[in-house]
Structures are given as structure tokens and as C-alpha cells.
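Visitor: Please give me a close look at one part of this protein. Then show me how the rest is built around it.

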Amino acid sequence: MNASTVAVRLLDIAHTRSGDKGDMANCGVIALKPEWYPVLVRELTTDRVRAHYGPLISGRVERFELPNLHALNFLLHGALDGGGTLALKTDAQGKVVSTAMLRMIIQVPVAEAEVLGLPSYSGPV
């Protein structure tokens, strides 16, 4: 973080939904306000999402934009250790993937955050 940006929790600007697609977790991220969607598009890159989950996923991340819904959809390959009945993970159906996504904190330029009315976050990063 620097003086020209403000921390924003994804939890405060979006909601999510996730589930399983075989060995992939599927996670949709929906802007709480239409004007916040461009921030999600810019900040939630495949590299950023891959880094956020770290060793919890073993494959690539794909992103699909759904501008008419103000949403992004991510496929996290290799996230479920085989998925469903094959996995020994506690969350074999990927339901908590969405909760983990909401823990992401992004940095937004102060001027943009003010114009869009983005809620700032001052807790631990």
C-alpha cells in the first residue's frame, strides 16, 4: 500500500458463489454495484487470483467476463484433488472457494475510490 492507493476488501464490493466442476472449482464474483465492476475486471486478473490461492490449487486459472451481469467467473484447475468422492479435502465440492476469494484485498487509487464510493479497509493486510 502507498499514499496514492487505498486498501479495499473484495468482501465489501462483491459477493461470490462457488462449486465444483470435476477437479476444478468454479467461482463467480459479482460486483455489488454496477459501477464497481470495472475495478473487479482490472484487479482480479488470473495471475492475481492464482497467487491468492497459492498452493491450494495445482493448475491454471481461467477467467470469463460477464459484463451484462457485472460479474467474473473463474475456473480454478486442480483445486479439488480429483473432486467429489475422489478427494480427501474437507471441501471436495469447492463451496468455500468463494469465501476464500472474498478475503482478497486490492489496492485502488484514492481518487478512483472516492469517486466510486468504495469502502476503504484499514485492518491487517
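Is serine 98 buried or exposed, judging by its relative accessible area?

Guide: Serine 98 is buried, since its relative accessible area is 8%. Buried means under 20% relative accessible area, exposed means over 50%, and partly exposed is in between (1.4 Å probe, protein chains only). A word on the model first. It is predicted, so local features need pLDDT of at least 70 and side-chain atom pairs count only at pLDDT 80 or more, while totals for chains, interfaces and linings use all residues. Residues are numbered from 1 along each chain as its sequence is written, and side-chain values use heavy atoms, with hydrogens and water left out.

Back to serine 98. This residue lies in helix H4, residues 97-102. Helices (H or I, at least four residues) and strands (E, at least two) are DSSP runs, numbered from the N terminus. What does serine 98 touch, beyond neighbours within four places in sequence? The contacts are Thr16, Arg17, Ser18 and Cys27. Contact means heavy atoms within 4.5 Å.

Now step back. The protein chain has 5 helices and 6 strands. From the N terminus, the order is β-α-β-β-α-α-β-β-α-β-α. The chain has 125 residues, and 42% of them count as buried. Among contacts with a separation of 6 or more, 62% join residues 24 or more positions apart.

A nonpolar core is a set of buried Ala, Val, Leu, Ile, Met, Phe, Trp, Tyr and Cys residues joined through side-chain atoms within 4.5 Å. This core has 31 residues, and Leu10 and Leu76 touch the most other members. H4 is one of the elements that give two or more residues to this core, and others include S1, S5 and strand S6 (105-109). S3 gives the most, with 4 residues.

In S5, leucine 76 is the bridge partner of valine 61. S4 (residues 61-66) and S5 (residues 71-76) pair in the antiparallel sense over 6 bridges. Two strands pair if DSSP finds at least two bridges between them. S4 and S5 form a hairpin, with 4 residues between them. Histidine 70 sits in the loop between S4 and S5. Histidine 70 is not a glycine, yet its phi is positive, at about 55°. Histidine 70 counts as partly exposed because its relative accessible area is 28%.

What about charge? A salt bridge is a side-chain nitrogen of Lys or Arg within 4 Å of a carboxyl oxygen of Asp or Glu. By this rule there are 6 salt bridges. Aspartate 12 and arginine 9 form one, at 3.0 Å from N to O. Aspartate 12 is partly exposed, at 23% relative accessibility. Arginine 9 is partly exposed too, at 27%. Arginine 60 bridges to glutamate 62, with the closest N and O atoms 3.4 Å apart. Arginine 63 and glutamate 65 meet at 2.5 Å, N to O. Shared partners also join Arg42, Glu43, Arg48 and Glu112 into one network of salt bridges.

Finish at the two ends of the sequence. Threonine 5 is in strand S1, residues 5-9. Threonine 5 counts as buried because its relative accessibility is 18%. Its side chain makes a polar contact with the side chain of glutamine 107, at 3.1 Å. A polar contact is a pair of N or O atoms within 3.5 Å; within protein, one must be able to donate a hydrogen and the other to accept it, and residues adjacent in sequence count only if both atoms are side-chain atoms. Leaving out residues up to four places away, threonine 5 touches Gln107, Val108, Pro109 and Val110. Alanine 111 belongs to helix H5, residues 110-116. Alanine 111 counts as exposed, at 53% relative accessibility. Alanine 111 and threonine 5 are 106 residues apart in sequence, but their C-alpha atoms are 8.3 Å apart in space.
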